[in-house]
Amino acid sequence: MSTERQLAEVRFLTVAEVASIMRVSKMTVYRLVHAGDLPAVRVGRSFRVPEDEVHTYLRTSFVDTA
C-alpha cells in the first residue's frame with residue numbers, strides 16, 4: 001500500500017520537459033536515458049523521467065572549475 005502511495009506522489013516529466021529544465025536538446029536526454037545515467041520509465045513508445053531524478057542528476061553533475 002505504501003509503495004502505491006509513493007508512486008502516486010511521483011511527478012513524471014516528458015523528455016521535452018526534461019530537456020527544457022536542463023537546457024539541452026531532447027536527443028541529449030535520450031542519450032542520458034539510454035546510457036542509464038538518467039532513470040526513466042517507458043510508457044508505450046515514449047519515456048517519462050521522475051522529476052526528482054532530474055534534480056538529483058543535476059546536483060551530482062556539477063564540476064568545479066578553476
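Buried means under 20% relative accessible area, exposed over 50%, and partly exposed in between, with a 1.4 Å probe and protein chains only. By this scale H55 is partly exposed, at a relative accessible area of 32%.

The structure is a predicted model, in which local features need pLDDT of at least 70, side-chain atom pairs count only at pLDDT 80 or more, and totals for chains, interfaces and linings use all residues. Residues are numbered from 1 along each chain as its sequence is written, and side-chain values use heavy atoms, with hydrogens and water left out.

**Confidence and overall build**

- The mean pLDDT of the chain (the predictor's confidence in each residue, from 0 to 100) is 91, and 91% of the residues score at least 70.
- Four helices and three strands make up the secondary structure; these are DSSP runs, numbered from the N terminus, with helices being H or I of at least four residues and strands E of at least two.
- The order of elements along the sequence is α-β-α-α-β-β-α.
- Among these elements, helix α1 (residues 2–9) has the lowest mean pLDDT, 69, whereas α3 has the highest, 98.
- The C-alpha trace spans about 50 × 25 × 20 Å along its principal axes.
- The chain has 66 residues, of which 20% are buried.
- Its accessible surface comes to about 5200 Å², with 52% belonging to carbon and sulfur atoms; areas follow the Shrake-Rupley method with a 1.4 Å probe, and for residues only the protein chains shown count as cover.
- Of the contacts (heavy atoms within 4.5 Å) between residues at least 6 apart in sequence, 43% join residues at least 24 apart.

**Nonpolar core**

- A nonpolar core is a set of buried Ala, Val, Leu, Ile, Met, Phe, Trp, Tyr and Cys residues joined through side-chain atoms within 4.5 Å.
- The largest such core has twelve residues: L13, V15, V18, A19, M22, V29, L32, V33, L38, F47, V49 and V54.
- Two or more of its residues come from each of α2 (15–22), α3 (26–35) and β3 (46–50), and α2 contributes the most, with four.
- In soluble globular proteins, nonpolar side chains tend to be buried together.
- Apart from neighbours within four places in sequence, L32 has M22, D37, L38 and Y57 as its contacts.

**Surface patch**

- F12, V41 and V43 form a nonpolar surface patch with about 230 Å² of accessible area together.
- Patches consist of residues with over 30% relative accessible area and no salt bridge, where like charges are joined within 9 Å and nonpolar side chains (Val, Leu, Ile, Met, Phe, Trp, Tyr) within 5 Å.
- V43 belongs to strand β2 (residues 41–43) and, at 45% relative accessibility, is partly exposed.

**Salt bridge**

- One salt bridge is present, the term denoting a side-chain nitrogen of Lys or Arg within 4 Å of a carboxyl oxygen of Asp or Glu.
- Its partners are the side chains of E51 and R11, at 3.2 Å from N to O.
- Because E51 lies in helix α4 (residues 51–60) and R11 in the loop between α1 and β1 (12–14), the pair ties together parts that are 40 residues apart in sequence.
- E51 is partly exposed, with a relative accessible area of 23%, and R11 is likewise partly exposed, at 49% relative accessibility.

**Individual positions**

- R23 is not a glycine, yet has a positive phi of about 60°.
- The loop between α2 and α3 holds R23, which is exposed at 73% relative accessibility.
- H55 is located in helix α4.
- The C-alpha atoms of H55 and I21 are separated by 9.3 Å, and the two residues are 34 apart along the chain.
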